[in-house]
Amino acid sequence: MMQLARTALPVLALLSFVSGTGAAVAAAGDTLGFDFLAYHQAAVRLLDGQPLYDMSFAATGGFGLFYYPPTFAPMLLPFGLLSAATATWTWLVVSVAAFLVGVAALPVSRSVRWWIVLLAGLSFPFVYAVKLGQVGPVLFLAFAIAWRTLDRPTGLGLTGAVGAAIKLQPGLVLVWALLTRRWTAVVVGAVALLVAADRVRRDREGARAVVAAVTATLSRLLHLS
Amino acid sequence: ALLGLAALATILVGPSAWTDFLTLLRTVSEPITTEHNFTPGAVAYQLGVPAATASLVQLVSTVGVIGIFLAAIRLATGEASYLVTVVASQLVSPIVWDHYAMLLLLPVAYLLSAGRWWAVAVPLVTAWPLVGVTPPVVYPIVFWVTLVATFMVGRAARDPRTNLSEVYAS
């Protein structure tokens, strides 16, 4: 009986995961990537030389509101080079992959990992986060790697910094590292955040140069044909 | 040290992006009255509690979360106190959307590993087949239950006594 349950668990987990996320995405309609499109618009604004933030918002929950820290921008810029639809689907694939890699990274037994995959497929918060194109699955990956590398300062510091660069709240992990005297992790995390902050400045110019180069190459090719 | 680094980051990024960010946060922040917010205070407000009292509920919750965060660092295993931090990082936020609860799968994995199989109930009570049935108040409850359970299991794991009731009876 136990053997049967052990064999059935991965099958049930995959069924639950694929049907749960698949149904959420299939039923999404116009709300597919609702939150991601705010990130996409922010990246497009930045690439167009406009401010990162649209200051016209007065309340949360509306479409297009981007209120993440500027340090999240470098991670989003590549998506700004794609059309909204392509970027949304790419982001959804990245999100699901990030979650599954995160599950694989969890320092728990294989059967518990399968249980987490099974439960994720049933979990409304998970399938909803995927449908909206939220950052949750990416944060899950960062938190999972940090958990796995608790006693390896570089891994903990870097993943803590990635979390804090995306959203303010996960920065609490770096405070935790500080309070538990994981000094190296704190320094690595702080340096990584500084690099991310510096890239916000540089990437604006860099990404614009990439867009200009791609556009010039394409137009040259079109003229040649 | 962190404040110093934050100041350095501000200089590197350039002031405008950060000031825009803070202005935007200030503009859009009415957390207690924000619709679909699942913090304890906001859910209390949705249940008819006056805004001032709901703000107090939120304050008490935040102070409690910080207390457990600090207690876990002192009393629980490193693994458990880290996972308490993960849950706390969401619970101290003035805005908690329902999808933030997906991060509870991390402490759930920890609790399952520690043999607490009841933890499967944490994602199951917020399962998508129950949408429309699960009341909003369930969200702050599952956040809090997971926070406290992770702390208690982590504290017991650090204690030479193996029985949870023995640890908490003392």
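Biologist: Where does Gln58(B) sit?

Modeller: Gln58(B) belongs to helix H4 of chain B, residues 51-75. A helix here is a DSSP run of H or I with at least four residues, a strand is a run of E with at least two, and both are numbered from the N terminus. Keep in mind that this is a predicted model: local features need pLDDT of at least 70, side-chain atom pairs count only at pLDDT 80 or more, and totals for chains, interfaces and linings use all residues. As for bookkeeping, residues are numbered from 1 along each chain as its sequence is written, chains are lettered from A and ligands numbered from 1 in the order in which they are written, and side-chain values use heavy atoms, with hydrogens and water left out.

Biologist: Is Gln58(B) buried or exposed, and what makes it so?

Modeller: The cut-offs decide: buried means under 20% relative accessible area, exposed over 50%, and partly exposed in between (1.4 Å probe, protein chains only). Gln58(B) comes out at 10%, so it counts as buried.

Biologist: Which side chain makes a polar contact with the side chain of Gln58(B)?

Modeller: That would be Thr39(B), at 3.4 Å. A polar contact needs a pair of N or O atoms within 3.5 Å; within protein, one must be able to donate a hydrogen and the other to accept it, and residues adjacent in sequence count only if both atoms are side-chain atoms. The 3.4 Å pair passes.

Biologist: And which residues is Gln58(B) in contact with, leaving aside neighbours within four places in sequence?

Modeller: Contact means heavy atoms within 4.5 Å, and the residues that qualify include Ile32(B), Pro40(B), Leu91(B) and Ser93(B).

Biologist: Where does H1(A) bend?

Modeller: At Ala8(A), by about 30°, and the proline Pro10(A) follows within four residues. The bend is the angle between axes fitted to the seven residues ending at a position and the seven starting there.

Biologist: What do the buried residues of H1(A) pack against?

Modeller: They pack against helices H4 (84-105), H5 (110-122) and H6 (124-132) of chain A. Among the buried ones are Leu9(A), Phe17(A) and Thr21(A). Gln3(A) also lies in helix H1 of chain A, but at 55% relative accessibility it counts as exposed.

Biologist: What makes Phe36(A) and Tyr39(A) an aromatic pair, and of which kind?

Modeller: Start with the count: there are 16 aromatic pairs over all chains. In Phe36(A) and Tyr39(A), the centres are 6.0 Å apart with 85° between the planes, which is edge-to-face. The rule is that rings of Phe, Tyr and Trp (its six-membered ring) pair if their centres lie within 6.5 Å; planes under 30 degrees apart are stacked, over 60 edge-to-face and the rest tilted. Both residues, Phe36(A) and Tyr39(A), are buried. They are three residues apart in helix H2 (residues 36-47) of chain A, so about one helical turn separates them. Ring pairs also link Phe36(A) and Tyr39(A) with Tyr68(A), Phe72(A), Phe79(A) and Trp91(A) in a cluster.

Biologist: How many helices and strands are in chain A?

Modeller: Chain A has 10 helices and zero strands, and 51% of its 225 residues count as buried. Chain B has nine helices and zero strands, with 48% of its 170 residues buried.
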